[in-house]
Amino acid sequence: MIARIFTVGLIAGAFVTLLGRGTWQMQRLAWKEGLIAQAQERPQMAAVPLDDVVEEFGLSPQSSYPEDAQTATTDALAYRRVTLEGSFFEDPVRVFTTLSDPRGPLEGPGYRLKQGFQTRRNVLFVNRGFIPFELPADVAVRQAPVGTVRFEGLVRPDDQAGFFTPDPDFDERLIYRRSVSQLQQATGVSVALPITVDMPASA
């Protein structure tokens, strides 16, 4: 009798676990489909200064290493074209990724380089580009521009964590998803906008 109750309990527990995982996968699928639609539509909009967009949407800098700030506001800004003027600071943080849909000649497993950027009114992190694990001999990693620079980019909110997303290695400045909170912890930047911006591949 006890064995039967134990078996029923195991089956029930497994069912609840599978149900929860299935629900999470459906939610993640809907989230990804929404991002795909945004990625196709919003980059066609005219670019506007990032600081103006931040003011329009009331986007507040985050401090004290907050939890990931995935909100309706950051979602509304996803893939918006913006112009930035300011300067890079800090050393970049490596964000592990596998690039399967390259916009340039490099693809496969590697890292995105995220680096602090100071505009006239805000601090944020900018994705400077992709570096593959096996860098071709004729390709060099460019240093960040020195001094004031101006470019257009695409706004990106945080990535959602998955069941198998590894923990970050802050000592090595290595994280495994786009997360402003983790970028802050890796660099010591205490106040930053809860979004990142992707530079164009040619910049």
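# Briefing: Salt Bridges, a Pocket and Backbone Angles

Arginine 178 is buried, with a relative accessibility of 4%; buried stands for under 20% relative accessible area, exposed for over 50%, and partly exposed for values in between (1.4 Å probe, protein chains only). The structure is a predicted model, in which local features need pLDDT of at least 70 and side-chain atom pairs count only at pLDDT 80 or more, while totals for chains, interfaces and linings use all residues. Residues are numbered from 1 along each chain as its sequence is written, and side-chain values use heavy atoms, with hydrogens and water left out.

**Overall architecture**

- The protein contains four helices and nine strands; these are DSSP runs numbered from the N terminus, helices being H or I with at least four residues and strands being E with at least two.
- Read from the N terminus, the elements follow the order α-β-α-β-α-β-β-β-β-β-α-β-β.
- Of the 203 residues in the protein, 37% are buried.
- Among contacts (heavy atoms within 4.5 Å) with a separation of 6 or more, 70% involve residues 24 or more positions apart.
- The protein exposes about 12,000 Å², and carbon and sulfur atoms supply 55% of that area; accessible areas come from the Shrake-Rupley method with a 1.4 Å probe, and for residues only the protein chains shown count as cover.

**Salt bridges**

- Side chains of opposite charge can pair when their charged atoms come close.
- The structure holds nine salt bridges, each defined as a side-chain nitrogen of Lys or Arg within 4 Å of a carboxyl oxygen of Asp or Glu.
- One of them joins aspartate 52 to arginine 121, at 3.4 Å from N to O. Aspartate 52 lies in helix 2 (residues 50-57) and arginine 121 in the loop between strand 4 (108-119) and strand 5 (123-132), so the bridge ties together parts that are 69 residues apart in sequence.
- Both partners are partly exposed: aspartate 52 has a relative accessible area of 40%, and arginine 121 has a relative accessibility of 38%.
- Another salt bridge pairs the side chains of glutamate 90 and arginine 173, at 3.1 Å from N to O. This pair links distant parts of the chain, 83 residues apart, with glutamate 90 in strand 3 (residues 81-99) and arginine 173 in the loop between strand 6 (149-156) and strand 7 (174-175).
- Arginine 173 is partly exposed at 22% relative accessibility.
- Aspartate 159 and arginine 178 also form a salt bridge, with their closest N and O atoms 2.7 Å apart. The two residues are 19 apart and link distant parts of the chain: aspartate 159 is in the loop between strand 6 and strand 7, and arginine 178 is in the loop between strand 7 and helix 4 (180-187).
- Aspartate 159 is partly exposed at 24% relative accessibility, whereas arginine 178 is buried. Elsewhere, salt bridges with shared partners join Asp51, Asp52, Glu55 and Arg121 into one network.

**Helix 4**

- Helix 4 is mostly covered, as seven of its eight residues are buried. These buried residues are Val180, Ser181, Gln182, Leu183, Gln184, Ala186 and Thr187.

- The volume of the second largest pocket is about 170 Å³. A pocket is found on a 1 Å grid over the protein atoms alone, as an open set of points where a 1.4 Å probe fits, with protein on both sides within 12 Å along at least five of seven lines; lining residues have an atom within 4 Å of a point. Grid points are joined across faces, edges and corners, and the volume is the space filled by probe spheres set on the points.
- The lining is formed by Pro49, Leu50, Asp51, Asp52, Thr83, Leu84, Glu85, Thr119, Arg120, Arg121 and Arg150. Helix 2 and strand 3 are the elements that give two or more residues to this lining.
- By class, the lining has three nonpolar, two polar and six charged residues; Ala, Val, Leu, Ile, Met, Phe, Trp, Tyr, Cys and Pro count as nonpolar, Asp, Glu, Lys and Arg as charged, and the others, Gly among them, as polar.

**Individual residues**

- Most residues other than glycine have a negative phi.
- Tyrosine 79, however, has a positive phi near 70°. Tyrosine 79 is in the loop between helix 3 (72-77) and strand 3 and is buried at 13% relative accessibility.
- Glutamate 90 likewise has a positive phi, near 65°. Glutamate 90 is partly exposed, with a relative accessible area of 34%.
- Glycine 58 is placed in the loop between helix 2 and strand 2 (62-63) and is exposed at 52% relative accessibility. Glycine 58 and threonine 73 are 15 residues apart in sequence and 8.4 Å apart in space, C-alpha to C-alpha.
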